[in-house]
Amino acid sequence: MSWTILTPEEGAIDASQLALADREIFVKFPNVLSMLIVRDGSIVYERYYRNNGPDDAFPVMSVNKSILSALIGIALNKGILSSLDQSVLDFFPEMDTHDVDPNVQKLNLRHLLTMSSGFYYPRLAGDSQPIWQRTILSRNWIEFSLRLPVRDGMGLQVNYKNTDALLLAACLSRATETTIGELAEEWLFKPLELNIQHWEAEDPQRLGIGALRMTARDMATIGQLYLQRGAWGEQQLIPQEWISASTCPQLDNYGFLWWIDKDGFSASGAGGSLIRVIPEQQIVVVFQTKHLKRFKDPRDIVDRYVLKAVY
């Protein structure tokens, strides 16, 4: 797609505040590769760091989970999925469940969308995720995940983990007999005129999701689509009702694979990758980042500079 480009002042934003943000990012945020701000549908600020530019696509890390959420909403609207109460095990009838935790019989799509499956998933120092490391070494990531013990009550609390997104993607792949990358291309990327490298699944059975590479403008397009309640031109790509449900608290400060902020909602990933949507100000803020073991979260830049810059 083509964007209208305005100066910060034309977008009613104080450029001096953004200059302060730019200086701080350059000096103190080695993980940040770009900052882009959209207001009222136009780009009002776009800055790249570490010798990168508008055509450079980088892995968005777990921002891909929020895009998976959009695909689930579209599938529900198309009648491909019947409801969020569908049993996860129903999508895998070939699986031998004799050694599966009995609680998994109650696992449904809603639990996966809200990261509340209850599966055992400890996090260790440095955000080490031993269950995920064991998952990716297994021959069948889906069956390995479904055989994990359930330690927490389902639907009671958010425990953020890759397992739930993997299973959710696999359910959609099974329901459509299509890969997640192909669905994203057909349902979102092509209608949005985004030229995104094919989104490959990483598991051996090609049922899940893997690394998704996007430019800052690609990310901004997704944020703008959500700001516009799923509408793009004359098309309603994502149902308005799904946008509303996804971006309001379902459990704790979490929607359907979107984080809920005090002034909006966001898709975020390891290393600080971020699409932050602030509806009242009609603003979308995007950060591309690289995943460093130690990194500073750039959402702090939004609170301390960007929001102060808005007229």
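Colleague: What volume does the largest pocket have?

Modeller: About 1000 Å³, and bear in mind that this is a predicted model. Of the 33 residues lining that pocket, M61, S62, Q129, A270 and H291 sit closest to its centre.

Colleague: What makes something a pocket rather than a cavity?

Modeller: A pocket is an open set of points, whereas in a cavity a 1.4 Å probe fits but cannot get out. Searching the whole structure for cavities of 30 Å³ or more turns up one, and the space inside the largest cavity is about 30 Å³.

Colleague: Which residues line the largest cavity?

Modeller: M115, S116, S117, G118, D152, G153, Q157, N159 and K161. By class they divide into one nonpolar, six polar and two charged.

Colleague: Why is K290 called partly exposed?

Modeller: Because its relative accessibility is 37%: buried would need under 20% and exposed over 50%, so K290 falls in between.

Colleague: Where does K290 lie, and what is K290 in contact with beyond its neighbours within four places in sequence?

Modeller: K290 is in the loop between β10 (283-289) and α10 (299-309). Its contacts, with those neighbours left aside, are P30, N31, L33 and G271.

Colleague: How do you know that the radius of gyration agrees with a compact globule?

Modeller: For 311 residues the globule rule gives a value near 19 Å, and the protein chain has 19 Å, so the two agree. The C-alpha atoms fill a box of roughly 65 × 45 × 30 Å along the principal axes.

Colleague: How many helices and strands does the protein chain have, and what percentage of its residues is buried?

Modeller: There are 10 helices and 10 strands, and 56% of the 311 residues count as buried. The protein chain exposes about 13600 Å², with carbon and sulfur atoms supplying 47% of that.

Note on methods: Residues are numbered from 1 along each chain as its sequence is written. This is a predicted model: local features need pLDDT of at least 70, side-chain atom pairs count only at pLDDT 80 or more; totals for chains, interfaces and linings use all residues. Side-chain values use heavy atoms; hydrogens and water are left out. On a 1 Å grid over the protein atoms alone, a cavity is a set of points where a 1.4 Å probe fits but cannot get out, and a pocket is an open set with protein on both sides within 12 Å along at least five of seven lines; lining residues have an atom within 4 Å of a point. Grid points are joined across faces, edges and corners, and a volume is the space filled by probe spheres set on the points. Ala, Val, Leu, Ile, Met, Phe, Trp, Tyr, Cys and Pro count as nonpolar, Asp, Glu, Lys and Arg as charged, and the others, Gly among them, as polar. Helices (H or I, at least four residues) and strands (E, at least two) are DSSP runs, numbered from the N terminus. Buried means under 20% relative accessible area, exposed over 50%, partly exposed in between (1.4 Å probe, protein chains only). Contact means heavy atoms within 4.5 Å. The radius of gyration is taken over C-alpha atoms; the globule rule is 2.2 Å times the number of residues to the power 0.38. Accessible areas come from the Shrake-Rupley method with a 1.4 Å probe; for residues, only the protein chains shown count as cover.
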